[in-house]
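Take the points in any order you like.

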Amino acid sequence: MKVRDLSLGEFADRLRGDGLLLSMPPFVLHFRSSIETLFEPLHLLYAHYDIEPVGGLIDFDVRIDPKSWWQRKVQNKACFYVDGKHIFESFDADLVLPMAEWLLNWCVFTRPNQYFILHSAVLERHGHAVVLPGPPGAGKSTLCAALSLRGWRLLSDEVAVFRPGSKNVIPVVRPTGLKNESIDVIKQFEPNVIMGPSTPGTRKGTVAHIQPDADSVARGFETVPPRWIISPSYEAGSPVILDPSSRARTLMALAEDGFNFSLLGTTGFKTIADFVGSSDCYRLTYGSLDEAIERINQLGDEPANLNQNEVPKKVASAS
Amino acid sequence: MALISSTNWRVPADAELIWRSWDPDEVLVYHAQSGDTHYLNPVAAEVLRYLQAHCATADELTSELAGTVGVEADNALLNQIELLLQQLDGLGLIEPIVSAQNSAVTGEKLANDIASNASTSNASPPSESVNHESP
């Protein structure tokens, strides 16, 4: 059974009651909340996700509720509870949707230390993964959203997850988060995009989320070998420039974005080195999503760089 | 620099270093004890690899490196090596060996000598490092 098989009322009753066990591969989420403004957007964003039967193993037990009548009725605030424990400070209940998505991301970033986790978007096409690392504001999530709307399978907009000792990327498919101008950019790029409501007033400005497509969710157990690591950087008006980048420099940059590198130590280093060593590395500057996608698609049409000791050849930029 | 020139250096015996290189001009070494990853230029990598297998003074390293790359073992190269050794020591990748011959050398004297010479050197640093502390 999938979330979309429940009516909105049934979905709301489950969240208010014993909660919903949501399959979010490789994790299972137990989610509860009595905050009514969450029901409709979550029913939309998680429409294609499987509902797990009661009694199975749970990776994250999450509840979002006000902690008192006073907080609910007077202060309009809510709290996070993870594994039964109140964590973080109370927050404005009007921000509950982006805060809920942020909390689920936090669970994935910080808890499952059986995996090696990098801060990157990941997509797949023709059996190979492209990993898009980058700092906030680089244009990574916008590019990830656009690629997923043009035939690339979404693995994650936030994390590249590896089992230590394996260089295959594990999907963690979740709604893609967009901020501020990117929301309208993607709506113009793809008018049929299914997007949740925009929530203004967060620390990052206005935030909205894209419903992951049914195929990406259904294939959430399919791991993918890496092929390209592309560090994107959006510059308004820029032509597309795709420059080769050294694997050593790429690894150093990725290591700074590793969520649990310090915990995994030698195993983490070997895992990231194997992953980088198996990939062609690039820096991408772009001003147009269509041009960026065309250039990235061209990479997929080129033969793989089988000599892992070679820096990939420079790709001619479009003019 | 006389003190550094005569000091024997080595990679600690219990150090675990994991090397990766996909390009001869770029070498990565992961230091398991600190959790740091270092990006080394070829000279720094050559010196560190040598000290992983041998003990050596700055003078000996200068001669060794000059022979390997085919340059003159002059004072300029010696100064570069001495600065590199200070930096590798500061990163925790190498350690001085205090032998009976050097027993008159105190740690304070060595530190003072390094501090007084560091500001006079113009050599470029050997590496960049990423410290994998938790976010």
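1. Ground rules. This is a predicted model, in which local features need pLDDT of at least 70 and side-chain atom pairs count only at pLDDT 80 or more, while totals for chains, interfaces and linings use all residues; side-chain values use heavy atoms, with hydrogens and water left out. Residues are numbered from 1 along each chain as its sequence is written, and chains are lettered from A and ligands numbered from 1 in the order in which they are written.

2. The cavities. A cavity is a set of points, on a 1 Å grid over the protein atoms alone, where a 1.4 Å probe fits but cannot get out, and its lining residues have an atom within 4 Å of a point. Grid points are joined across faces, edges and corners, and a volume is the space filled by probe spheres set on the points. The largest cavity comes to about 100 Å³. Its lining includes A:Phe11, A:Leu22, A:Phe31, A:Tyr46 and A:Glu101. By class, 10 lining residues are nonpolar, none is polar and 1 is charged; here Ala, Val, Leu, Ile, Met, Phe, Trp, Tyr, Cys and Pro count as nonpolar, Asp, Glu, Lys and Arg as charged, and the others, Gly among them, as polar.

3. Who builds that lining? Helices (H or I, at least four residues) and strands (E, at least two) are DSSP runs, numbered from the N terminus. At least two lining residues each come from α1 (8-16), β1 (20-24), β2 (27-33) and α4 of chain A. The largest share, 3 residues, is supplied by α4(A).

4. The five-stranded sheet. In chain A, 5 strands make an open sheet with mixed pairing, in the order β1-β2-β3-β4-β5; two strands pair if DSSP finds at least two bridges between them. Because β1 and β5 of chain A stand at the edges with a single partner strand each, one side of each is left without a neighbour in the sheet. Neighbouring strands are turned by 25° against each other on average, direction ignored. Axes are lines fitted to C-alpha atoms, for helices over the stretch in contact, and angles run from 0 to 180 degrees between N-to-C directions. The antiparallel strands β4(A) and β5(A) are joined by 5 bridges, and A:Tyr81 has A:His86 in β5(A) as its bridge partner. Helix α1(A) packs on this sheet, touching β1 and β2 of chain A, and its direction makes about 90° with that of β2(A). Contact means heavy atoms within 4.5 Å.

5. The three-stranded sheet. Further along chain A, 3 strands form an open antiparallel sheet in the order β10-β12-β11. Its edge strands, β10 (176-179) and β11 (199-202) of chain A, each pair on one side only, and the twist averages 35° from one strand to the next. Between β10(A) and β12 (residues 205-210) of chain A there are 4 bridges, with A:Leu178 standing opposite A:Ala208. Helix α5 (residues 140-148) of chain A lies across β10 and β12 at about 125° to β10(A). Helix α6 (residues 181-189) of chain A also lies across β10 and β12, at about 115° to β10(A).

6. Backbone spots worth a look. A cis peptide bond, with omega about 5°, joins A:Pro25 and A:Pro26; A:Pro26 sits in the loop between β1 and β2 of chain A. A:Asn76 is not a glycine, yet its phi is positive, about 55°. This residue lies in the loop between α3 (69-75) and β4 (77-82) of chain A. A:Phe88, in strand β5 (residues 85-92) of chain A, is likewise not a glycine and has a positive phi of about 65°.

7. Is A:Pro112 buried or exposed? A:Pro112 counts as buried because its relative accessibility is 4%, where buried means under 20% relative accessible area, exposed over 50% and partly exposed in between (1.4 Å probe, protein chains only). A:Pro112 lies in the loop between α4 (96-110) and β6 (116-125) of chain A. Leaving out residues up to four places away in sequence, A:Pro112 touches A:Phe27, A:Cys107, A:Ile117 and A:Asn260.

8. A hairpin in chain B. Strands β2 (residues 17-23) and β3 (residues 26-31) of chain B pair in the antiparallel sense over 5 bridges. The hairpin joins β2(B) to β3(B) through 2 residues, and B:Leu17 has B:His31 as its bridge partner.

Definitions and conventions. 1 Å grid on protein atoms, 1.4 Å probe; cavity = no way out; pocket = protein on both sides within 12 Å on 5 of 7 lines; lining within 4 Å.
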